[in-house]
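Here is a short report on a protein and its ligand. Look through the sequence and the structure before reading on.

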Amino acid sequence: MLSEDRLQAAKQRMLDQHLRARGITDERVLAAMERVPREEFVPAPLQVHAYDDRALPVEFGQTISQPYTVAFMAQAARLQGHERVLEIGTGTGYGAAVLSHLASEVCTIERWPGLFDSATPRLERLGFRNVVTKLGDGSLGWPEQAPFDAIIATAAAEQLPQAFREQIAEGGRLIIPIGEPGAGQTMFRFTRRNGELDEERLGLFSFVPLVCQP
Ligand code: SAH
């Protein structure tokens, strides 16, 4: 385990070199990235790498997303603080923790029971009270909690799931990587205006696949 000083230094490097220098300019997003202790979300042997700018392996062949990617998606969602957000793919809970500082409520869904079972108490222990977790297939969204002001999918879909179209509020933003598994995927932002989804392409990323039921 790194000393508190070295963790703080690594975190500062993440903020300056991996986030600000690469175009993360939303001060609320930067503050949220500063507040969340990423070392609490990575497997113990990898804690020395907690603030490296890379995805790290977690259980069940899944990953905790790279800090830049988490910040990029949060910034793309243009959150001001009053929003209800749906996150697909809780994983370790890190992304939900960052979003919890940026929105009023975060609903997050994970399909792997093992990940759900460790992320839920972790988020509770660390005091993230405005996060609600659910075990299930996130490609169906969360109809009972809809509509959402933002939906953020942290796993890549081959096409936009119908449920997300239906569950995004008017004016809401849907941030999702779309593309073939294995290859890089394009990050999309869909904004709902007058019932229609306006589409923007935000760049290339690489994600684990969103597993959809046949
Ligand atoms: N947000 C996470 C990163 C998650 S990686 C974090 O900060 O740690 C993507 C996650 O999506 C994985 O945990 C994977 O199990 C999950 N996932 C994939 N398909 C899913 C689906 N259909 N429903 C819910 N979760 C899914």
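The side chain of E87 has an N or O atom 3.2 Å from a nitrogen atom of the ligand. This comes from a predicted model. T92 also takes part through its side chain: an N or O atom there is 2.7 Å from an oxygen atom of the ligand. R111 uses its backbone instead. One of its polar backbone atoms is 3.3 Å from a nitrogen atom of the ligand.

The ligand has 580 Å² of accessible area on its own, and the protein covers 99% of that.

## The shell and the pocket

The ligand takes up the space of the largest pocket. Around the ligand are 26 residues. The closest are T92, E110, D137, G138 and V211.

By class, the shell holds twelve polar, ten nonpolar and four charged residues. Three elements each give at least two residues to this shell: strand β2 (63–64), helix α4 (94–100) and strand β4 (105–110).

## A glycine in strand β7

Now turn to another residue. G172 lies in strand β7, which spans residues 168–178. Is G172 buried or exposed? G172 has a relative accessible area of 1%. Buried means under 20%, so G172 counts as buried.

G182 is ten residues from G172 in sequence. In space, the two C-alpha atoms are 29 Å apart.

Definitions and conventions: Residues are numbered from 1 along each chain as its sequence is written. This is a predicted model: local features need pLDDT of at least 70, side-chain atom pairs count only at pLDDT 80 or more; totals for chains, interfaces and linings use all residues. Side-chain values use heavy atoms; hydrogens and water are left out. A residue is near a molecule or strand if one of its heavy atoms lies within 4 Å of it. A polar contact is a pair of N or O atoms within 3.5 Å; within protein, one must be able to donate a hydrogen and the other to accept it, and residues adjacent in sequence count only if both atoms are side-chain atoms. Accessible areas come from the Shrake-Rupley method with a 1.4 Å probe; for residues, only the protein chains shown count as cover. On a 1 Å grid over the protein atoms alone, a cavity is a set of points where a 1.4 Å probe fits but cannot get out, and a pocket is an open set with protein on both sides within 12 Å along at least five of seven lines; lining residues have an atom within 4 Å of a point. A molecule sits in a cavity or pocket if more than half of its atoms lie within 2 Å of its grid points. Helices (H or I, at least four residues) and strands (E, at least two) are DSSP runs, numbered from the N terminus. Ala, Val, Leu, Ile, Met, Phe, Trp, Tyr, Cys and Pro count as nonpolar, Asp, Glu, Lys and Arg as charged, and the others, Gly among them, as polar. Buried means under 20% relative accessible area, exposed over 50%, partly exposed in between (1.4 Å probe, protein chains only).
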